[in-house]
Amino acid sequence: MPSQSLAYAVLFGHVAFIVVGALMTVLSQNLVRALVGLIMTLFGVAGLFFLMSAPFIGLMQILIYVGAVSILIFFAIMLTQSWSSGDEAQGPSRKRAVLASLTALAPALFLGLTIIFKSPPSLLVAEETEVSALGRFLLEPYILPFELISLLLTVAMAGAVILGFERRKQR
Amino acid sequence: MMPEVSPMLIYHLVALFLLCTGLFGVIYRRTLVGMILGIELMLNGAGLSIMASAQLTPTPNEIGQVGTLLVMGIAAAEATLLLAIVLVVTRRFKGVEAARLATMRG
């Protein structure tokens, strides 16, 4: 079926995009370049959301992650002056790389075996949900998490503002 | 024997890859900002996994979509707080290397 192989081609294209972006994010010496890799990954994941026929969440991913979170991280890079001439410039030691790889491989082994051998049968094509149904779901059975996340965002914002006002005490 | 490769398996493997890369990044990076990048990768993998589990199985789709939205909200709140914390750390320690943050003092 040509349309199905086209869909697989698009899927693997997005997967390649995500893999390249994620490797750039963790391995790049330059933090700004690492942030560009993170943005690549976020766009790739948004594409996967579109492929899973959840376009609303894909748009939210682009708006929230690419629009807000990556700008915040860019401000963090800028304000702390930790780009290539800064702290990250001299590369990490080899021992640290080995330890980090071991740490990353432990969940890869266990979770990977689990999801390969125990995953339930999956649908080939997801059906689309209307945004109005999503809103009704969010405001009727899921009202408590919805309110809690608003509270969490408010508290985080207030905490960030208070931390920003902190002056260094005189010793 | 190997089971056949279903679409959900591909999505879950991508999410697992994001989790592992994020963990690697959190340990490999020496600055706090680099660690934030790793944490964002891990959270994104979590959202992808939740979404794939709900969209590609008979589970109601709304659960997965709302769950992914909540993960995004938590990530946004976390990024806001981390920016403020990183600023305070820079002001106090004149740098954001994790090894330098070794004093506990009010």
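I take contact to mean heavy atoms within 4.5 Å. The model I am reading is predicted.

**Entry: the two chains**

I looked up how many residues of each chain take part in the contact between A and B. I found 85 residues of chain A in contact with 73 residues of chain B. I then looked up the area, and chain A and chain B bury about 7300 Å² between them. Carbon and sulfur atoms hold 75% of that area.

How many salt bridges are there between chain A and chain B? I noted a count of 0. For polar contact across the interface, I have 7 residue pairs, both residues being at pLDDT 80 or more.

**Entry: the side of chain A that touches chain B**

I listed the helices of chain A that each supply at least two residues to this side: α1 (2-27), α2 (31-51), α3 (55-80), α4 (94-117), α5 (131-139) and α6 (143-164). Which helix gives the most? I wrote down α3(A), with 14 residues. By class, I have 61 nonpolar, 16 polar and 8 charged residues on the side of chain A that touches chain B.

**Entry: a helix pair across the chains**

I looked next at α1(A) and at helix α1 of chain B, residues 7-28. Their axes lie 9 Å apart, and the packing angle is about 5°. Angles under 35 degrees count as roughly parallel, so I call α1(A) roughly parallel to α1(B).

I checked which residues make this contact. From α1(A) I noted ten names: A:Tyr8, A:Leu11, A:Phe12, A:Val15, A:Ile18, A:Val19, A:Ala22, A:Leu23, A:Val26 and A:Leu27. On the side of α1(B) I noted, among them, B:Pro7, B:Ile10, B:Tyr11, B:Phe17, B:Thr21, B:Gly25 and B:Tyr28. The classes in the contact of α1(A) with α1(B) are 18 nonpolar, 2 polar and no charged residues.

**Entry: a helix pair within chain A**

I turned to α2(A) and α3(A), whose axes come within 8 Å and cross at roughly 170°. Angles over 145 degrees count as roughly antiparallel, so α2(A) is roughly antiparallel to α3(A).

Which residues meet here? In α2(A) I found, among them, A:Leu31, A:Leu35, A:Ile39, A:Phe43, A:Ala46 and A:Phe50. In α3(A) the partners include A:Pro55, A:Gly58, A:Gln61, A:Tyr65, A:Ser70 and A:Ile77. I counted the contact of α2(A) with α3(A) by class as 20 nonpolar, 3 polar and no charged residues.

Terms used. Residues are numbered from 1 along each chain as its sequence is written. Chains are lettered from A and ligands numbered from 1 in the order in which they are written. This is a predicted model: local features need pLDDT of at least 70, side-chain atom pairs count only at pLDDT 80 or more; totals for chains, interfaces and linings use all residues. Side-chain values use heavy atoms; hydrogens and water are left out. Buried area is the accessible area (1.4 Å probe) that two parts lose on being put together, summed over both. A salt bridge is a side-chain nitrogen of Lys or Arg within 4 Å of a carboxyl oxygen of Asp or Glu. A polar contact is a pair of N or O atoms within 3.5 Å; within protein, one must be able to donate a hydrogen and the other to accept it, and residues adjacent in sequence count only if both atoms are side-chain atoms. Helices (H or I, at least four residues) and strands (E, at least two) are DSSP runs, numbered from the N terminus. Ala, Val, Leu, Ile, Met, Phe, Trp, Tyr, Cys and Pro count as nonpolar, Asp, Glu, Lys and Arg as charged, and the others, Gly among them, as polar. Axes are lines fitted to C-alpha atoms, for helices over the stretch in contact, and angles run from 0 to 180 degrees between N-to-C directions. Angles under 35 degrees count as roughly parallel, over 145 as roughly antiparallel, 65 to 115 as roughly perpendicular and the rest as oblique.
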